[in-house]
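Student: I should like to learn how to read a structure such as this one. May we go through its features one at a time?

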Amino acid sequence: MEHIVLRHRDIPGLDQLDLYLANGGFEAFKKVVTSMRPEEVIDIVKASGLRGRGGAGFPTGVKWSFLTKNRPAYYVVCNSDESEPGTFKDREIMEKNPLQLLEGIMIAAYAARANTAYNYMRGEFWPVAAALDTKIAELRVRGFLGNNIFGIDYSLDVHLHLGAGAYICGEESALLESIEGKLGQPRLKPPFPADKGLYGMPTVVNNTETLANVPLIIERGADWYKSLGVPNSAGTKVMCLSGHVNKPGNYELPFGVTLRKLIYECGGGVPGDKKVKAVMLSGASSVVLHTTEDILDMALDYDSVAAKGAMLGSASVIVMDETVDMAWLTLKTTRFFKHESCGKCTPCREGTYWMLHVLERINKNEVTRADVDLLNNVASQIAGKCLCPLGEFAVTPVLSSLKTFRADFDAHAKDGAKPRPAAAAKPAPKKAEAVAGD
Amino acid sequence: MLAEKYHEQIQATLARYPADQKRSAVMPLLYMAQSEYGYITKEAMEEVAAILEIEPTQVASVVGFYTLYYDHQGGKHRVQVCTDLPCALRGADKFADDLCKKFGVKLGETTKDGMFTIEAVMCVAACDTAPVFQVQNKDGIAYHENQTVESAAKVMEELKAK
């Protein structure tokens with residue numbers, strides 16, 4: 001299949017401006033700036049069915065149409081904070097197909113009537129940012145950015161802003177706070193960014209992969225885009241496959257492919273031909289899904305996954321084989337969310353701390369089954385009580401594991417049925433064959 | 001002083017944000033300070049605050065909130081191993097432990113010669129190429145992917161020789 005977002009895999013060297021231009025690069029940007037009104041651009045993106053690729057899946061064109069009218073300034077912010085364990089697609093896009101992303105940001109900026117756009121990148125992407133900055137400088141020299149672009153009364157510049165290691169900045173209002181030079185803590189909504197965003201002005205915040213789709217949608221049309229994928233999940237999705245698979249990596253596939261195809265055809269199956277015990281479909285924040293044959297045959301699109309009680313989110317698929325102990329898995333995810341809680345809301349700040357304490361004791365076999373109930377109790381007190389989704393994310397793997405794999409937790413209890421050796425004594429999983437996916 | 005030594009760079013950074021939003025430059029300026037002094041000293045926070053016309057406590061709160069800023073001296077190179085779930089499924093915990101053993105430290109500690117602090121960090125968006133570590137030093141951050149203890153030790157020896 002032809003790649004849309006990972007087009008550099010079909011056209012090597014696409015990160016070079018001349019080659020990008022030779023392959024129709026910036027034609028879409030030129031088309032919108034010279035011949036279309038912003039509303040017309042928004043209508044095409046709406047009609048394409050493009051939905052946010054950062055996880056929420058909100059219709060992109062609809063998001064753009066929410067911008068409050070007649071304000072002195074507008075901003076577009078690309079969210080390249082990519083910090084969810086299991087997600088590594090935006091990094092590949094920025095490293096290998098940076099110009100398509102920049103063109104997407106620029107088209108979004110025109111549609112939003114913005115003269116300034118920012119790409120917020122996690123601080124760890126330092127070298128990626130340096131390379132991207134030289135691309136932006138090239139675009140200024142060639143007149144794609146600056147004043148009176150294509151001789152039209154429209155000016156635009158794009159800047160990078162590096163974060164400094166905070167998962168919470170992937171939440172759009174925390175990200176805006178961070179650009180403003182403050183702590184990355186979520187804002188109370190409403191007002192939403194479309195009304196009061198960056199510096200109090202109407203702002204569009206979109207994920208990297210979302211914006212990288214836009215140039216080809218403009219070039220080839222909404223109907224073409226909708227012909228890929230399935231109803232309600234138009235286009236392709238870059239699926240990040242990690243964990244117990246032979247060939248982890250990014251795989252761009254049309255929505256609707258089965259989980260079985262992703263794990264066994266793309267990923268080359270599980271090392272040692274072990275059985276898949278569970279998958280997490282949207283990184284560390286997702287439901288731990290017990291992987292039955294039925295689940296393996298599930299189509300990877302927004303609606304099919306939701307029908308199974310999970311979320312496709314960013315399609316960051318982590319595969320766990322039959323040896324994985326869910327008490328250990330939730331210790332890992334909880335340690336992450338405890339570290340990344342921004343501290344603003346008490347249930348998340350204190351709750352993740354206490355969940356971690358209980359899970360550490362569980363993993364040291366220093367518990368009874370009543371402590372496993374306590375874990376359930378603490379997690380349930382976080383759910384639904386926080387400003388932003390981080391609290392919800394923290395409890396999702398815990399509550400879903402407790403529901404489906406309670407025996408894994410009870411096995412650590414002194415009064416459990418089958419005591420298991422302490423986690424520290426467990427041999428580490430064998431290193432899977434390191435083959436980058438393509 | 002940062003303001004004199006990096007005048008042009010600071011002006012270029014400020015130009016990325018609206019003229020009345022100088023505070024936005026606090027994160028890039030903190031990277032600059034960290035690169036200059038090795039970590040972010042109290043004096044550096046005051047310098048950055050003066051440049052941006054904000055309070056030193058506002059700068060200090062940003063330093064405290066974000067994990068890539070340090071308010072204390074560490075190793076010359078911070079070797080940061082991701083041990084989050086996807087990496088751990090590919091042996092990252094054992095990799096981190098073995099690397100520590102090889103250099104005679106525990107996770108979070110600095111080698112006696114002051115060259116390396118080996119620490120565990122949260123996900124670095126390289127789950128498919130675990131075990132992975134990043135090196136943070138005055139030059140910025142660099143990724144090292146698909147690592148073994150041997151290849152990591154080689155990278156570290158090369159850094160030491162530089």
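Predicted model: local features only at pLDDT ≥ 70, side-chain atom pairs only at ≥ 80, totals over all residues.

Student: Which kind of peptide bond leads from Pro190(A) to Pro191(A)?

Tutor: That bond is cis, with omega near 5 degrees. In chain B, a cis peptide bond joins Ala130(B) and Pro131(B), where omega is about -5 degrees. Pro131(B) belongs to the loop between strand E2 (116-121) and strand E3 (133-137) of chain B.

Student: How many helices and strands does chain A have?

Tutor: Chain A has 18 helices and 11 strands. Its radius of gyration is 22 Å, close to the 22 Å that the globule rule gives for 438 residues, so chain A is as compact as a globular protein of that length. Along its principal axes, the C-alpha trace of chain A spans about 75 × 45 × 35 Å. Buried residues make up 56% of the 438 residues. Among the contacts in chain A with a separation of 6 or more, 71% are between residues 24 or more positions apart.

Student: What is the mean pLDDT of chain A?

Tutor: The mean is 94, and 95% of the residues of chain A reach 70 or more. Over residues 425-438 of chain A, however, the pLDDT is below 50; this stretch has 34 contacts in the model beyond near neighbours in sequence.

Student: How should I read a nonpolar core?

Tutor: In soluble globular proteins, nonpolar side chains tend to be buried together. Here the largest nonpolar core has 189 residues, of which Val77(A), Ile105(A), Ile107(A) and Val279(A) touch the most other members. Helix H6 (residues 98-111) of chain A gives the most to this core, with 10 residues. Leaving aside neighbours within four places in sequence, Ile105(A) is in contact with Val76(A), Cys78(A), Ala117(A), Asn119(A), Val158(A) and Leu211(A).

Student: Is Ser80(A) buried or exposed?

Tutor: The test is a count: a residue is buried if 20 or more other C-beta atoms lie within 10 Å of its own. Ser80(A) has 31 other C-beta atoms within 10 Å, and is therefore buried. Ser80(A) is found in strand E1 (residues 75-80) of chain A. Beyond neighbours within four places in sequence, its contacts are Asp90(A), Met94(A), Asn119(A), Tyr120(A), Met121(A) and Thr208(A). Ser80(A) and Gly163(A) are 83 residues apart in sequence, while their C-alpha atoms are 9.6 Å apart in space.

Student: How should I read a single helix?

Tutor: An α-helix has 3.6 residues a turn, so residues three or four places apart point the same way. Consider helix H14 (residues 326-340) of chain A: at 1.5 Å a residue its 15 residues should span 21 Å, and its end C-alpha atoms are 21 Å apart, which agrees. H14(A) is mostly covered, as 12 of its 15 residues are buried. Among them are Met326(A), Leu329(A), Thr333(A), Phe336(A), Phe337(A) and Glu340(A).

Student: Against which elements do the buried residues of H14(A) pack?

Tutor: In chain A they pack against strand E9 (276-284), E11, helix H15 (346-363), helix H17 (390-404) and helix H18 (406-410), together with helix H6 (85-88) of chain B.

Student: How many residues does the contact take from chain A and from chain B?

Tutor: The contact takes 45 residues from chain A and 39 residues from chain B. H14(A) gives the most to the side of chain A that touches chain B, with 6 residues.

Note on methods:
Residues numbered from 1 in each chain as written. Chains lettered and ligands numbered in written order. Helix = DSSP H or I, 4+ residues; strand = E, 2+ residues; numbered from the N terminus. Contact = placed C-beta atoms within 7 Å. Core = buried A, V, L, I, M, F, W, Y, C linked by C-beta atoms within 7 Å. pLDDT = per-residue confidence, 0-100. Rg over C-alpha atoms; globule rule 2.2 N^0.38 Å. Expected span 1.5 Å × (residues − 1).
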